[in-house]
Amino acid sequence: MKMHRESPIEISKEEFTKIGYRLIDTIAAFIDVIGDKPVTTGESPKQIQHILGTALLPETGTDASELFVKTAGLLLNHSLLNGHPKFMGYITSSPAPIGALADLLAAAVNPNVGANILSPMATAIEKQTITWLAEFIGVSSTYGGILVSGGNMANFTAFLAARTAKAPASLKENGLVNTPGEMVLYCSKATHTWIEKAAVLFGHGTRSIRWIPTNINNKIDNEILVQTIEEDLKNGKKPFMIVGNAGDVSTGVVDDLLAIATVCKQHDLWFHIDGAYGIPAAVIPQLKNIFEGIEEADSIALDPHKWLYAPLEVGCTLVKNPQHLIDTYSSHPVYYNFDNNEEEPSLNYYEYGFQNSRGFRALKVWMALQHVGKSGYIETINEDIELSKLLFEKASNHPELEAITQNLSIATLRYIPLAFVAEDRETYLNTLNEKLLNQLQQGGEVFLSNAIVSEKYCLRTCIANFRTSKNDIEEIIETVVREGRKMHEMLLLANG
Ligand SMILES: Cc1ncc(COP(=O)(O)O)c(C=O)c1O
């Protein structure tokens, strides 16, 4: 009989089974009643710290079974529940239950998806996932790419590929400071903050970003875009990339992608689409026209952990010619022996992005794509959009609400008291709605976030939530109006 090493880390088969079953029972019961719980308990960081305690680093181990009971209690009773039907803040989806199970399986096998030899099946699954994601949104399945931790990373990964593709080949050795011509890039002013982080982190500085104004439809103004590029060229700058939004973070607007693609072709610029949130909606046949031009993109960011309902974390960078990723990220240290099959070149994902050791985040996406199927996603994403339209319509029809925008599954609105006198109406409404949002976020009935649209402080709802129903929409409208009235009264009292 084989002798097993005694280790404080090992959990026996019997104990693992017992704890695992109990944990799964607990999670299943939690999911079953998630809609009856508050979206958040609204506890302050101090209160949370108190509940958690301030124990010192444990010197000796604790029984795993006890630990799970205690930890499940902490998390299930003191978390903000983005799986709740009335969670529609920011852009975090309700997580697909199959994703939670897939993560458990992925962690149990623990393949290092940095190199094929370390993860033969997982690498093949990630490759297939990426091909399926390309097919899903309707671009050629010859796009390649990599899964990353989320939208920021998906956009960063593409940003650097764009730079490699458009900068002189000497950039790698000489760095930016010794490269002639200041490299500049273009995006609408509605672009997510990742672009500032990228410009800062990768040495371009925020001044390299040309924030192009939006037109009346909140899309990038193409005329100003072209004028700005031409001016930059006249001034000796080196334009290298235009970013189009396919669902901007605040209002869900999709830029005119075809027009951007044309400008990119004319000026030999890299065309990147930030579709972190919205691009999964391209799967819906009736919406194809909104996304016209995506097949022209050199790179696309899309986040399965947003509108494909994967548990955090998983984003994806798709690149039309994946060689640009290899040119950017590949290195061959002497201590790697990852290309030992002479007949077949290895697909080693460490050559495609920032990470060398990489987790198996593909599994939850790959399994969900099969569990739900393309038709299931079309149905669910469509329902999210219909619910968002319903909310917008209900807000439009309510005398105390102003419906502001509705695109994809994002609607913005604000509370306006029936009759009020204020010296500066817009300033008052902004204050009122900001305070109202804070109240709603603490209250636990619903979780919304905010957007500033045409200088109006709005309540923003983003439905990437397969649990939300029509009934929830009606209740959310009631909650917003009820809390809006209360907040207005409180402000009137406070202002004497
Ligand atoms: C359009 C867009 N791009 C990028 C991001 C950043 O994604 P992440 O938070 O996953 O890094 C977001 C997040 O909401 C987004 O909406």
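Where is aspartate 268 found? In this predicted model, aspartate 268 is found in the loop that runs between α10 (257–267) and β5 (270–274). Glutamate 313 has its place in the loop between α11 and β7 (315–319). For orientation, most residues other than glycine have a negative phi, and most peptide bonds are trans.

The surroundings of the ligand come next. The ligand sits in the second largest pocket, and 14 residues surround the ligand. The closest of these are Gly151, Asn152, Asp274, His305 and Lys306. By residue class, the shell around the ligand divides into four nonpolar, seven polar and three charged residues. Two helices, α6 (151–166) and α11 (304–307), each supply at least two residues of this shell; α6 gives the most, with three residues.

Several polar atoms of the protein face oxygen atoms of the ligand. A polar backbone atom of glycine 151 is 2.8 Å from a ligand oxygen. On the side-chain side, an N or O atom of histidine 305 is 2.9 Å from an oxygen atom of the ligand, and for aspartate 303 the corresponding distance from a side-chain N or O atom to a ligand oxygen is 3.2 Å. Taken alone, the ligand exposes 390 Å², and the protein buries 83% of that.

A search of the whole structure finds 18 aromatic pairs. One of them joins tyrosine 90 and phenylalanine 447, whose ring centres are 6.5 Å apart. The planes of these two rings stand at 45 degrees, so the pair is tilted; planes would have to be under 30 degrees apart to count as stacked and over 60 to count as edge-to-face. Tyrosine 90 lies in the loop between α3 (64–77) and α4 (97–109), while phenylalanine 447 lies in the loop between α14 (425–443) and β10 (449–453). The pair therefore ties together parts that are 357 residues apart in sequence.

Methods. Residues are numbered from 1 along each chain as its sequence is written. This is a predicted model: local features need pLDDT of at least 70, side-chain atom pairs count only at pLDDT 80 or more; totals for chains, interfaces and linings use all residues. Side-chain values use heavy atoms; hydrogens and water are left out. A residue is near a molecule or strand if one of its heavy atoms lies within 4 Å of it. A polar contact is a pair of N or O atoms within 3.5 Å; within protein, one must be able to donate a hydrogen and the other to accept it, and residues adjacent in sequence count only if both atoms are side-chain atoms. Accessible areas come from the Shrake-Rupley method with a 1.4 Å probe; for residues, only the protein chains shown count as cover. On a 1 Å grid over the protein atoms alone, a cavity is a set of points where a 1.4 Å probe fits but cannot get out, and a pocket is an open set with protein on both sides within 12 Å along at least five of seven lines; lining residues have an atom within 4 Å of a point. A molecule sits in a cavity or pocket if more than half of its atoms lie within 2 Å of its grid points. Helices (H or I, at least four residues) and strands (E, at least two) are DSSP runs, numbered from the N terminus. Ala, Val, Leu, Ile, Met, Phe, Trp, Tyr, Cys and Pro count as nonpolar, Asp, Glu, Lys and Arg as charged, and the others, Gly among them, as polar. Rings of Phe, Tyr and Trp (its six-membered ring) pair if their centres lie within 6.5 Å; planes under 30 degrees apart count as stacked, over 60 as edge-to-face and the rest as tilted.
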